[in-house]
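This report describes a protein model for a reader who is new to structural analysis. Please keep the sequence and the three-dimensional view at hand while reading.

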Amino acid sequence: RHVLTADLVPDIAASDLVIFLDAALEGEPGEVRCRRLHPSRAAVSTMAHFLEPAELLAWSQALYGKLPEAHLVTVAGESFDFASNQLSATVAAAAHSMLWTTR
């Protein structure tokens with residue numbers, strides 16, 4: 001999904017492991033990073049338009065008492081031009097390694 005919304009919370013609560021994939025502004029284009037996520041109650045909003053991964057984890061914990069292991073895997077983007085809606089060659093080449101970073 002391109003936007004994280006509240007309807008993901010039941011699926012998160014039912015999971016043992018959740019991996020979020022995202023683009024990042026920081027880093028060299030194509031650089032892949034992985035970090036463990038923890039719930040952030042400070043991020044809890046009114047569940048409006050979109051939510052951050054840590055906020056989804058906090059809602060899962062608050063509503064269902066469930067907190068799966070969660071990771072955020074990012075790849076540094078090369079171009080954020082909305083006109084093409086395509087990955088650059090550098091980022092497309094990194095996409096495969098994004099899927100295997102947490103293993």
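## Terms and basis of the model

Helices (H or I, at least four residues) and strands (E, at least two) are DSSP runs, numbered from the N terminus. The model is predicted, so local features need pLDDT of at least 70 and side-chain atom pairs count only at pLDDT 80 or more, while totals for chains, interfaces and linings use all residues. Residues are numbered from 1 along each chain as its sequence is written, and side-chain values use heavy atoms, with hydrogens and water left out.

## Ser60 in helix α2

Ser60 belongs to helix α2, which covers residues 53–64. Residues are called buried under 20% relative accessible area, exposed over 50%, and partly exposed in between (1.4 Å probe, protein chains only). Ser60 is buried because its relative accessibility is 0%.

Contact means heavy atoms within 4.5 Å. With neighbours within four places in sequence left aside, Ser60 contacts Val9, Ile12, Ala13, Gly65, Lys66 and Pro68. A polar atom of the Ser60 side chain lies 2.8 Å from the backbone oxygen of Lys66.

## The nonpolar cores

A nonpolar core is a set of buried Ala, Val, Leu, Ile, Met, Phe, Trp, Tyr and Cys residues joined through side-chain atoms within 4.5 Å. The largest one has 12 residues, including Val9, Ile12, Phe20, Leu56, Trp59 and Leu72. Two or more residues come from each of α1 (9–13), β1 (17–24), α2 and β3 (69–76). Helix α2 gives the most, with 3 residues. Another core, of 5 residues, lies apart from it, and among its members are Val73, Val75, Val91 and Met98. In soluble globular proteins, nonpolar side chains tend to be buried together.

Two strands pair if DSSP finds at least two bridges between them. Here 3 strands form an open sheet with mixed pairing, in the order β1-β3-β2. The edge strands, each pairing on one side only, are β1 and β2 (32–37). Strands β2 and β3 are antiparallel and pair over 6 bridges, and Cys34 stands opposite Val73 in β3.

Axes are lines fitted to C-alpha atoms, for helices over the stretch in contact, and angles run from 0 to 180 degrees between N-to-C directions. Helix α3 (residues 89–100) lies across β1, β2 and β3, and runs at about 165 degrees to β3.

## Arg1 before α1

Arg1 lies in the segment before α1. Arg1 counts as exposed because its relative accessible area is 64%. Not counting residues up to four places away in sequence, Arg1 touches Asp7 and Leu8.

Terms used. Polar contact = N/O pair within 3.5 Å; in protein donor to acceptor, adjacent residues only side chain to side chain.
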